[in-house]
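Subject: The structure you asked about

Hi there,

Here is the structure for you to open alongside this email. Have a look at it first, and then read on.

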Amino acid sequence: MPAAKRDYYEVLGVAKGADGDEVKRAYRRLAMKYHPDRNQGDAEAEAKFKEAAEAYEVLSDKDKRARYNQLGHDGVKGPGAAAHDFSRMNADDIFSMFNDIFGAGAGGGGGARGGGRSRGPARGYDLETDASMTLEEAFSGVERDVQFDRLDVCDKCTGSGAKPGSKPQQCATCRGAGRVVQTGLGGMFRMETPCPSCGGRGQVIKDFCDACRGKGRVPKSRVLSVRIPAGISDGQAVRVRGEGEPPGMAESPDGTGQRGDLHVVVRVKPHGLFQRDSDHLVLEMPISFTRAALGAEVEVPTIDGKRATLKIPKATQFGAVFRLAGQGMPSLRTGERGDMLVVVKIEIPKRLSAAQEKMLRDFAASENETVMPESQGFWKKIKDALS
């Protein structure tokens, strides 16, 4: 009995309400992690790669996602569902379906994969890493050192995978083409696939390089200084061109061609005072009930470390919102600052002196429809309803 399919949101590690960019980033991360070029001979990694591709193919399509949300896996299979049977597809072909995420020709590290479908020079994988910062740093912009690992051309064999002094030999199966053609049903159909003997390289290695064990690529750690622009939001990414991986060994043994890009995803830490709403900042500010009743001028903190004066009018009610124009975050696109919205929270004293309590009791005795119109009106409605 076949194993039950996992939930597509669980596969990609995203919430059900995730938007298209979140779904795309999640798939990109998994595709780079489990791609067969990075996990040669690892059947489990290839299965996870296919599973992630299937989940992305559904959740990135508005109609398929709606059917899946309503009916589950049954909604995206069978007549009219237009779903793919990823279990029987070649992993390279799956990856080529989504090169819009990685750039044209990114599948497998270059455009040569796919039997003549190349549309440009070989291109390596995009990479992704995180950069954490405070809201103040997001306000002003910051230079941040990011550390990430990437596969790079092996220095010892210069990417060939062969032991120095030896050379790869032409694959006898595909005669150096890297592709083989299979036919069936008496020649009625023809299918071209990567050569099973050389994995699409067109060459086979007899004496492996001991540094990279024949892979031609080795993991290397890199630290890069990246400028994070002012106004960036949590979850947005800064793209650093050419800091991804070089093309795959099959397409470019020496690593020449176009490197992928590095995507630095910004993670903004929660702030103790401010909450962000687009380019606006929201500040919940407690004031005493006497200030709310009598009116006052109060100083409020701003994100740039200064203070602004806010005039609280008489009879201000709980939850009233005051706008300080131009005291929010800068727009990433225009640089213009949003506003700060101050939400008033009226604070009731927890302890009163005898004199304070007497004054409040005297005030309570004077309360009427003129002093407390909303309260008096509410209790009148209660009284009418009960009678």
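Below is what was found in it, going from the whole chain to single residues.

A word on the basis: this is a predicted model, in which local features need pLDDT of at least 70 and side-chain atom pairs count only at pLDDT 80 or more, while totals for chains, interfaces and linings use all residues. Residues are numbered from 1 along each chain as its sequence is written, and side-chain values use heavy atoms, with hydrogens and water left out.

**The chain as a whole**

The protein chain holds ten helices and 15 strands; these are DSSP runs numbered from the N terminus, with helices being H or I of at least four residues and strands E of at least two. Of its 387 residues, 39% are buried. Here buried means under 20% relative accessible area, exposed over 50%, and partly exposed in between, with a 1.4 Å probe and protein chains only. A contact means heavy atoms within 4.5 Å. Among contacts between residues at least 6 apart in sequence, 63% join residues at least 24 apart.

**The cores**

A nonpolar core is a set of buried Ala, Val, Leu, Ile, Met, Phe, Trp, Tyr and Cys residues joined through side-chain atoms within 4.5 Å. The largest one has 38 residues, and Ile 228, Val 264, Val 300 and Leu 310 have the most contacts inside it. Apart from it lies another core of 22 residues, including Tyr 9, Val 11, Tyr 34 and Ala 55.

Strands pair if DSSP finds at least two bridges between them. Three strands make an open sheet in the order 1-9-8, with mixed pairing. Strand 1 (127-133) and strand 8 (237-240) are its edges, each pairing on one side only. On average, neighbouring strands of this sheet are turned by 25 degrees against each other, direction ignored. Strand 1 pairs with strand 9 (residues 262-268) in the parallel sense over seven bridges, and Glu 128 stands opposite His 263 in strand 9.

Helix 2 (residues 20-34) lies across strand 1 and strand 9, at about 125 degrees to strand 1. Axes are lines fitted to C-alpha atoms, for helices over the stretch in contact, and angles run from 0 to 180 degrees between N-to-C directions. Asp 19 caps the N-terminal end of helix 2, with a side-chain oxygen 3.2 Å from the backbone nitrogen of Asp 21. Among the buried residues of helix 2 are Val 23, Tyr 27, Leu 30 and Tyr 34.

**The hairpin of strands 12 and 13**

Strand 12 (residues 296-301) and strand 13 pair in the antiparallel sense over six bridges, and Ala 296 stands opposite Ile 312 in strand 13. The two strands form a hairpin with five residues between them, and Gly 305 in the turn has a positive phi of about 90 degrees. Strand 13 (residues 307-312) has a covered face of Ala 308, Leu 310 and Ile 312, and an uncovered face of Arg 307, Thr 309 and Lys 311.

Strand 14 and strand 15 (residues 340-347) run antiparallel and are joined by four bridges; Leu 324 has Met 340 in strand 15 as its bridge partner.

**Some single residues**

Arg 179 is in strand 4 (residues 179-184). Why does Arg 179 count as buried? Because its relative accessibility is 17%. A polar contact of 3.4 Å joins its side chain to that of Glu 192; such a contact is a pair of N or O atoms within 3.5 Å, where, within protein, one must be able to donate a hydrogen and the other to accept it, and residues adjacent in sequence count only if both atoms are side-chain atoms.

Most residues other than glycine have a negative phi. Arg 213 has a positive phi of about 55 degrees although it is not a glycine, and at 70% relative accessibility Arg 213 counts as exposed. Ala 315, in the loop between strand 13 and strand 14 (321-324), also has a positive phi, of about 60 degrees.

Best wishes
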